[in-house]
Amino acid sequence: MRLDRTELWLLASGVVLALGVFVLPNWLTFLLTIAFAKGLVVQGVVVQMRAGLVSFGQGLYYCIGGYTVGMGGQWLGVHDAFVLLALSMVAAAVVAMVLGLLLTRYREIFFAMLTLAFSMILYGVLAKSQSLGSTDGFNVHGITALGWTPGSSGKMFVYVLTCGIAAVAAVFLHRLSKSSVGYVCEAIRENEVRVEYLGASPRWTLYSTYVLAAAVSALGGGLTGMATGHVDPEMAYWTTSGEFVFIALLGGIGHVAAPFVAASLFSTVRTYAIQFVPHSWQMILGFVLLGIIIFLPKGLWSLFKRTRKAEARV
Amino acid sequence: MSQTPILESRSLHRTFGAVVAAKDINVAIHAGEVVGVIGSNGAGKTTFINMVTGFLPPSAGEIMFNGRSILGLAPRKITRMGMARSFQVAQLFPELTVLDNMLVALSIAESPLPSFLRPLRTPERVEKAEATLKEFGVAAFRDHQVTAVPQGTRKLVDIAMALIANPKMLLLDEPTSGVAVEEKFPLMDSVMEVVRRHGVTVLFVEHDMEIVARYVSRILAFYAGEVIADGPPDQVLDDAKVRELVVGHGHGGHGRARRSS
């Protein structure tokens with residue numbers, strides 16, 4: 001498998017960030033772990049946005065990922081991080097295969113609202129489930145990796161694991177965006193009728209990308225569960241899904257790294273906004289979103305493109 | 001000419017409420033023919049094309065393509081059987097370049113389930129897409145975004161995308177509509193030369209009688225949802241009923257045209 005320049009750059013960034021575990025303060029590695037995990041969920045949103053669909057319910061798969069990791073440890077006795085993450089992807093993909101049959105019949109606001117509805121159904125079910133801790137959720141602990149128990153360095157391990165998974169996922173998704181299906185998704189967004197008349201099934205393409213997006217998003221949920229050591233129904237709540245759409249708009253769909261950059265920026269802005277204006281931090285985020293929509297409608301990544309164009313002109 | 005028609009409609013009927021848009025249409029088109037469809041607005045031309053391509057189900061009747069019924073099939077399935085179409089307004093993917101539009105069409109033609117990991121731009125695909133663009137004389141625009149190319153070029157790209165799948169039959173919906181007068185004949189020359197080279201059967205809807213008379217071997221004249229004349233251009237364009245009901249009703253302002261070839 002030959003890697004192109006972007007893919008090498010993505011993997012190198014993953015390695016550098018992972019090595020940062022030796023020099024970065026704990027609070028920063030934790031912030032980055034959560035940001036990259038959320039970045040993975042946002043990748044799921046972006047994959048669908050490329051095809052013209054906006055999911056307001058990606059929290060569903062974030063939550064499934066988190067709960068699968070938690071339940072795998074609590075009820076199945078599985079503690080290996082890799083097995084748990086694989087299970088979370090499978091669980092999300094299975095749910096997406098069922099829901100996708102219905103959802104891919106709808107477009108625009110109907111799709112968005114239906115995805116939201118399903119995530120809220122899961123929220124309601126979990127909030128009423130006494131055995132799963134109801135609204136309090138439950139703790140995730142005892143994570144191991146291929147027989148090794150990280151113990152007190154568990155958080156560091158999850159950070160390195162998140163960097164590695166984020167880098168590999170970014171390479172895969174970059175490849176996807178350059179693949180036939182990636183371009184067909186763009187084509188569907190721009191002219192679905194023509195895609196049908198060229199001989200492809202837009203619905204099948206949307207269905208397969210919906211399932212893929214669910215699996216990628218579940219990884220983010222699983223990693224968040226491991227990093228925070230806790231899962232609760234809030235993961236499926238509509239504000240959590242809204243956060244993912246916010247980050248997707250912040251980064252834009254111009255580059256596979258954009259969701260990770262945007263998620264890091266979002267986490268930083270939110271952290272400082274909560275610290276300095278604890279009672280109105282949402283207002284700060286609102287202004288940031290307003291600024292992005294007005295001045296950078298294609299997201300933060302368009303800044304890089306503008307800089308490159310300006311350099312090319314000089 | 002083979003005995004089994006490549007496209008055949010039997011007693012095709014379509015109503016929209018009380019409006020009869022297509023009434024007992026019996027048409028057989030054989031491989032190699034270039035058939036023009038004429039008629040005033042509302043005559044049933046587009047309804048016929050939409051039924052044949054699977055966009056609109058007929059209220060009654062049968063449609064056969066290559067000897068097989070295509071009734072109830074989705075447009076993509078009919079396309080995959082070998083019937084491609086272009087559109088009155090070029091249907092392209094505006095944010096992609098001309099070449100990428102062609103590559104998307106080609107990758108779909110190669111497999112109805114596009115690959116997740118195989119890149120769109122493979123050397124073989126690029127070579128084939130470029131060759132097709134060259135055939136249509138628009139290779140110079142390969143790296144232009146489709147919104148930045150002239151209308152005539154967009155039309156040609158639209159037709160080239162339909163043709164890249166090597167269809168048996170091509171349906172052209174008003175290929176010269178929206179194209180500057182001086183570009184119409186060069187555009188049609190390019191298209192007809194390529195389809196002849198590929199041996200594709202052509203059915204095209206056109207309002208411009210000069211274009212119809214020059215390029216087709218047979219004309220179907222529609223009026224009020226019915227085929228009122230079917231035959232060689234000279235015969236159909238000389239038909240008194242056609243002259244009164246179709247040609248005389250301002251089709252591009254050309255009136256009756258003479259065959260120039």
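This is a predicted model: local features need pLDDT of at least 70, side-chain atom pairs count only at pLDDT 80 or more; totals for chains, interfaces and linings use all residues.
## Extent of the interface

The size of an interface is often given as the accessible area lost when the parts come together. For chain A and chain B this buried area is about 2800 Å², with 64% of it on carbon and sulfur atoms. On the side of chain A, the residues that lose the most area to chain B are Arg194(A), Tyr197(A) and Leu198(A), which together account for 29% of what that side buries.

In terms of contacts, 27 residues of chain A meet 33 residues of chain B.

## Polar and charged pairs across the interface

Between chain A and chain B, 13 residue pairs are in polar contact, both residues being at pLDDT 80 or more. The elements of chain A that give two or more residues to the side touching chain B are α6 (154-178), α7 (180-198) and α8 (202-228). The largest share of that side comes from α7(A), with 14 residues. By class, the side of chain A that touches chain B consists of 12 nonpolar, 8 polar and 7 charged residues.

The count of salt bridges between the two chains is 3. In one salt bridge, Glu196(A) pairs with Arg76(B), and the closest N and O atoms are 3.2 Å apart.

## Packing of α1 and α6 in chain A

Two packed helices are described by the angle between their axes and the distance between the axes. In chain A, the axes of α1 (residues 5-19) and α6(A) come within 8 Å and cross at roughly 175 degrees. Because angles over 145 degrees count as roughly antiparallel, α1(A) and α6(A) are therefore roughly antiparallel to each other.

From α1(A), the residues in this contact are Thr6(A), Glu7(A), Leu10(A), Leu11(A), Gly14(A), Leu17(A) and Ala18(A). They meet Tyr159(A), Val160(A), Cys163(A), Ala167(A), Ala170(A), Val171(A), His174(A) and Arg175(A) in α6(A). The residues of this contact divide into 10 nonpolar, 3 polar and 2 charged.

## Positive phi values in chain B

Most residues other than glycine have a negative phi. Asn166(B), which is not a glycine, has a positive phi near 55 degrees. Asn166(B) lies in the loop between α5 (151-163) and β7 (169-173) of chain B.

Glu174(B), also not a glycine, has a positive phi of about 45 degrees. The place of Glu174(B) is in the loop between β7 and α6 (181-198) of chain B.

How values were computed:
Residues are numbered from 1 along each chain as its sequence is written. Chains are lettered from A and ligands numbered from 1 in the order in which they are written. Side-chain values use heavy atoms; hydrogens and water are left out. Contact means heavy atoms within 4.5 Å. Buried area is the accessible area (1.4 Å probe) that two parts lose on being put together, summed over both. A salt bridge is a side-chain nitrogen of Lys or Arg within 4 Å of a carboxyl oxygen of Asp or Glu. A polar contact is a pair of N or O atoms within 3.5 Å; within protein, one must be able to donate a hydrogen and the other to accept it, and residues adjacent in sequence count only if both atoms are side-chain atoms. Helices (H or I, at least four residues) and strands (E, at least two) are DSSP runs, numbered from the N terminus. Ala, Val, Leu, Ile, Met, Phe, Trp, Tyr, Cys and Pro count as nonpolar, Asp, Glu, Lys and Arg as charged, and the others, Gly among them, as polar. Axes are lines fitted to C-alpha atoms, for helices over the stretch in contact, and angles run from 0 to 180 degrees between N-to-C directions. Angles under 35 degrees count as roughly parallel, over 145 as roughly antiparallel, 65 to 115 as roughly perpendicular and the rest as oblique.
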